[in-house]
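The following exercises concern one protein structure. Each task is followed by a solution in steps.

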Amino acid sequence: MAEKIEIQQVDRQLLNALQEDGRISNQDLAERAAMSASACWRRVRALEEGGVIERYTALVNPEAIGLAFHAMVHVVLSRHQAGHVENFIQAVMTRPEVLDCFATTGDADYHLRIRCRDLASYNAFLEEFMFSLEGVSTVKTNLILRQLKHETRLVV
């Protein structure tokens with residue numbers, strides 16, 4: 001388990017700069033935080049090892065790669081037996097269409113954010129996958145007509 005580290009002001013500067021540009025060089029990052037390159041490297045490494053920085057990634061425009069269908073799916077399980085819940089979670093984790101899965105309070109047990117090519121692909125996802133999962137009682141879909149805000153950057 002990664003050790004918990006205390007976030008200092010310099011860490012906030014580093015995290016903000018890395019969230020803005022994950023490909024920034026260590027030298028440029030150090031200059032932005034007013035520290036030496038070696039101290040910067042050590043601090044970023046500590047943030048990685050402490051679990052503050054989980055990973056580095058590129059943000060891809062889904063529509064540019066043909067993933068035009070976007071929906072929120074609300075799932076209700078019929079029975080909350082440990083096996084059904086665990087099987088549902090494990091199965092959802094394997095599906096590339098599922099970008100996010102949230103266990104929530106309210107009318108639905110889980111909320112999934114889905115991206116796929118088109119309505120036919122989504123229908124196949126429902127029929128071949130979602131409806132075949134044991135314990136799934138209700139699936140409701142809300143199509144996303146327009147994405148008004150999508151942010152990956154956290155306030156630190």
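## Exercise 1: A loop residue

Leu67 lies in the loop that connects helix H3 (37-49) with S1; helices (H or I, at least four residues) and strands (E, at least two) are DSSP runs, numbered from the N terminus. The model is a predicted one: local features need pLDDT of at least 70 and side-chain atom pairs count only at pLDDT 80 or more, while totals for chains, interfaces and linings use all residues. Residues are numbered from 1 along each chain as its sequence is written, and side-chain values use heavy atoms, with hydrogens and water left out.

**Task.** Determine whether Leu67 is buried, partly exposed or exposed, and state which residues it touches.

**Solution.** 
Step 1. The classes are defined by relative accessible area: buried is under 20%, exposed is over 50%, and partly exposed is in between (1.4 Å probe, protein chains only).
Step 2. Leu67 has a relative accessible area of 25% and is partly exposed.
Step 3. Contact means heavy atoms within 4.5 Å. Not counting residues up to four places away in sequence, Leu67 touches Pro62, Arg115, Cys116 and Arg117.
Step 4. Between Leu67 and Ile114 there are 47 residues of separation in sequence, and their C-alpha atoms are 9.8 Å apart.

## Exercise 2: The sheet

**Task.** State in which order the four strands form the open sheet, and which strands stand at the edges.

**Solution.** 
Step 1. Two strands pair if DSSP finds at least two bridges between them.
Step 2. Six residues separate S2 from S3 in a hairpin, and Gly106 in its turn has a positive phi of about 105°.
Step 3. S1 and S4 also run antiparallel, joined by seven bridges. Here Leu77 stands opposite Val136 in S4.
Step 4. The order in the open sheet is S2-S3-S1-S4, with antiparallel pairing. S2 and S4 stand at the edges with a single partner strand each, so one side of each has no neighbour in the sheet.

## Exercise 3: A helix on the sheet

**Task.** Identify the buried residues of H4 and the strands against which they pack.

**Solution.** 
Step 1. H4 has 12 residues and reaches 17 Å from its first C-alpha to its last, close to the 16 Å expected at 1.5 Å a residue; the expected span is 1.5 Å times one less than the number of residues.
Step 2. His84, Val85, Phe88, Ala91 and Val92 are the buried residues of H4. Seen down the axis of H4, they fall within an arc of 135° and so line one face of the helix; the arc is that of the directions from the helix axis to the C-beta atoms.
Step 3. The exposed residues Ala82 and Met93 are on the face turned away from the buried side of H4.
Step 4. The buried residues of H4 pack against S1, S2, S3 and strand S4 (136-143).

## Exercise 4: The core

**Solution.** 
Step 1. A nonpolar core is a set of buried Ala, Val, Leu, Ile, Met, Phe, Trp, Tyr and Cys residues joined through side-chain atoms within 4.5 Å.
Step 2. The largest such core has 21 residues, and those with the most contacts inside it include Val75, Phe88 and Met130.
Step 3. Two or more residues come from each of strand S1 (69-77), helix H4 (82-93), S3 and helix H5 (119-128).
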